[in-house]
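User: I want to learn how to read a protein model. Can you take me through one, feature by feature?
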Amino acid sequence: MSTVSLQPECTSCAALCCMALPFDKSDMFAFDKPGGEGCKHLGPDHACTIHASLETRGFKGCVLFNCYGAGQRVTQDVFDGRSWRDDPSLIKPMSEAFGVMRRIHEMLVLIREARRLPLSAQQLHEATRLEASLGDGVDWTQEALQQFQTGPLAGEVAAFLKSLKPLAEQAGLKK
């Protein structure tokens, strides 16, 4: 089973969610922000300058967002601790890597949740195989992340999770 952390650790990240992701003015965000551009509330230390009052200042979307640890994994593992702030040429590749890694980490979350179901030995084996293919020991480089997008693994994870729908329904998790 993978030990990749799916908990965000913002101090080990280059504020990728605050730079890479776009948002539109709504009841979730107080203003429009295009993707690939740092939020105006982002401090030079990659910390939010209004973090303590996000919700009251109109940023409920920030409060609810969870990258599941993808930000620190991209910053530390894929880009060796480098930041788009120090090297603006990294904005696009870090944004792209963050999007793919976030998808990978969401898959890991779903696989780990699936383990709570009464899986057969074969299903448990497949969950373990898929989790290992996404987690520990995988050298996620920019190239590997690009290949993931066109490779079969995402489809395998989706098919496995879909196959668990009857178990989830029996457990009362999905109607």
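User: How many helices and strands does the protein have?

Analyst: Helices (H or I, at least four residues) and strands (E, at least two) are DSSP runs, numbered from the N terminus. Here there are 8 helices and 0 strands. From the N terminus on, the order reads α-α-α-α-α-α-α-α. Along the principal axes, the C-alpha atoms fill a box of roughly 50 × 35 × 25 Å.

This is a predicted model: local features need pLDDT of at least 70, side-chain atom pairs count only at pLDDT 80 or more, and totals for chains, interfaces and linings use all residues. Residues are numbered from 1 along each chain as its sequence is written, and side-chain values use heavy atoms, with hydrogens and water left out.

User: At what angle do the axes of helix 4 and helix 5 cross?

Analyst: Axes are lines fitted to C-alpha atoms, for helices over the stretch in contact, and angles run from 0 to 180 degrees between N-to-C directions. Angles under 35 degrees count as roughly parallel, over 145 as roughly antiparallel, 65 to 115 as roughly perpendicular and the rest as oblique. The axes of helix 4 and helix 5 (residues 121-134) cross at roughly 155 degrees and come within 10 Å. Helix 4 and helix 5 are therefore roughly antiparallel.

User: Which residues of helix 4 and helix 5 make the contact?

Analyst: Contact means heavy atoms within 4.5 Å. Helix 4 brings I104, M107, L108, I111 and R112, and helix 5 brings A127, L130, E131 and L134. For classes, Ala, Val, Leu, Ile, Met, Phe, Trp, Tyr, Cys and Pro count as nonpolar, Asp, Glu, Lys and Arg as charged, and the others, Gly among them, as polar. The contact of helix 4 with helix 5 has 7 nonpolar, no polar and 2 charged residues.

User: How are helix 4 and helix 6 set to each other, and which residues touch?

Analyst: The axes of helix 4 and helix 6 (residues 142-150) come within 10 Å and cross at roughly 60 degrees. Helix 4 and helix 6 are therefore oblique to each other. P93, A97, V100, M101, R103, I104 and M107 of helix 4 meet Q142, L145, F148 and Q149 of helix 6. By class, that contact holds 8 nonpolar, 2 polar and 1 charged residues.

User: What about helix 4 and helix 7?

Analyst: Helix 4 (residues 91-114) and helix 7 (residues 153-163) have axes that come within 11 Å and cross at roughly 30 degrees. The two, helix 4 and helix 7, are therefore roughly parallel. R103, M107, L110, I111 and A114 of helix 4 touch A154, V157 and L161 of helix 7. These residues divide into 7 nonpolar, no polar and 1 charged.

User: Where does the lining of the largest pocket come from?

Analyst: Rolling a probe the size of a water molecule over the atoms shows where empty space is left. On a 1 Å grid over the protein atoms alone, a pocket is an open set of points where a 1.4 Å probe fits, with protein on both sides within 12 Å along at least five of seven lines; lining residues have an atom within 4 Å of a point. The largest pocket is lined by 33 residues, with C10, C17, C18, C62 and F65 nearest its centre. Helix 1 (16-20), helix 2 (60-64) and helix 3 (70-78) each supply at least two lining residues. The lining divides into 22 nonpolar, 8 polar and 3 charged residues.
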